[in-house]
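Visitor: Hi! Could you walk me through this protein?

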Amino acid sequence: MTTVNDKELEDLLARCFAWLPKATEQVGCTEAVNVTSANCKQAMKPTLVALFTEAFHLVRFQADKMKQMKAELSSTKSQLIENQKWVISLQEQIIDSKDSQLEAVKTVVETSVESNLKEQFKSYSAAAAENVMVCQASTDGLSNPASLRKVVKSVVQEEDRSKNVIIFGLQERKGENIEERVEEIFQDIGLKPKLQAVRVGKVSKEATIVKRPVKVSLASSSLVYEALRQARKLRHSEKFSKVFVRPDRSEEERARDKVLVQELLKKRETEPNKLHFIRSGTVHSRDKINNE
């Protein structure tokens, strides 16, 4: 099949655009829209014969090219249909492949979950049996309402403390807005949480510099975790390098923390060339690296 190329179409258009003004002028008109049968009657017969001959061949050439273009269009449509069928076939193959993969994953997950559930059930059964023995041994103690209330109160307090942090080493100021000061500390480590803050403990009459701890309540335990994780940045702070952020603990745990913080401060004063930190309930020290 003969195809129509761009050059042939450009030549055909050029011939048409060249013939139109020529024919308009030879029949005595200035614009193509003025070419009418009445105006053509005024033209000489040889002129009209020449124009007719040129127009005939232009129309013939156009008809041939349009026939070729129609055939090309039909072929293109057929090829497009074949391509669409091929794409649909590929999509179906992909869907079948995904279904097979999903079925395989489902089988693996179901097997894994079933195995894990069996193991967890065994562990739970063993733990339940152990707890039953412990509960039986302490039934008399828990049967006391006062003891039961004490246990429940302890659990509730532990849940509340999971949303709190305690800030140590923040010197008190007269008429201070403690929440704004705490927000400034959090901004220094890249955090801007909504919070509530209050000083805790009593002021000692003998103390010249007052640094009561600050209890900070956040919206969730996840925010507490992030605050504790970022708190190490404070040791590089110009304003808050002597401020420490610690989890909220029970009275016994706070007493131990107080001792640890005092020990940490002492080490920082006596060994300034080393890096000191608290980890797992113990003060650790190591040589500083770079700009630590």
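**A chat about the fold**

Guide: F244 counts as buried, because its relative accessibility is 10% and the cut-off for buried is under 20%. Keep in mind that this is a predicted model.

Visitor: Okay! Which strand is F244 found in?
Guide: F244 belongs to strand β4.

Visitor: And what is F244 in contact with, leaving aside its neighbours within four places in sequence?
Guide: Seen that way, F244 touches I166, I167, F168, V261, L264, L265 and R268.

Visitor: How far is F244 from L228 in space?
Guide: Their C-alpha atoms lie 9.5 Å apart, and in sequence the two are 16 residues apart.

Visitor: Back to β4. What order do the strands of its sheet come in?
Guide: The order is β2-β3-β1-β4, four strands in an open sheet with antiparallel pairing. β2 (196–199) and β4 (244–247) are at the edges with a single partner strand each, so one side of each has no neighbour in the sheet. From one strand to the next, the twist averages 25°.

Visitor: How do strands of a sheet pair, by the way?
Guide: They pair through backbone hydrogen bonds, either parallel or antiparallel.

Visitor: How many bridges are there between β1 and β4?
Guide: Four bridges, in the antiparallel sense, with β1 covering residues 164–168. As one example, I167 has V245 in β4 as its bridge partner.

Visitor: Which helix packs on the sheet?
Guide: That's α6, residues 178–188, which touches β1, β2 and β3 (214–217). The direction of α6 makes about 115° with that of β2.

Visitor: New topic: helix α7. Which of its residues are buried?
Guide: In α7 (residues 221–230), the buried ones are V224, A227 and Q230. They cover an arc of only 135° around the axis, so they sit on the same side of α7.

Visitor: Why do residues three or four places apart point the same way?
Guide: Because an α-helix has 3.6 residues a turn.

Visitor: What do the buried residues of α7 pack against?
Guide: They pack against β1 and α6.

Visitor: Last one: is H276 buried or exposed?
Guide: H276 is buried, since its relative accessible area is 2%. H276 lies in strand β5, residues 274–279.

Visitor: And what does the side chain of H276 reach?
Guide: The backbone oxygen of E271, at 2.8 Å. The H276 side chain also makes a polar contact of 2.6 Å with the side chain of S285.

Visitor: Leaving aside neighbours within four places in sequence, which residues is H276 in contact with?
Guide: Those are L264, K267, R268, E271, H284 and S285.

Note on methods
Residues numbered from 1 in each chain as written. Predicted model: local features only at pLDDT ≥ 70, side-chain atom pairs only at ≥ 80, totals over all residues. Heavy atoms only, no water. Helix = DSSP H or I, 4+ residues; strand = E, 2+ residues; numbered from the N terminus. Buried < 20%, exposed > 50% of the residue type's maximum accessible area, 1.4 Å probe, protein only. Polar contact = N/O pair within 3.5 Å; in protein donor to acceptor, adjacent residues only side chain to side chain. Contact = heavy atoms within 4.5 Å. Pairing = 2+ DSSP bridges. Axes fitted to C-alpha atoms, helices over the stretch in contact; angles between N-to-C directions. Arc of directions from axis to C-beta.
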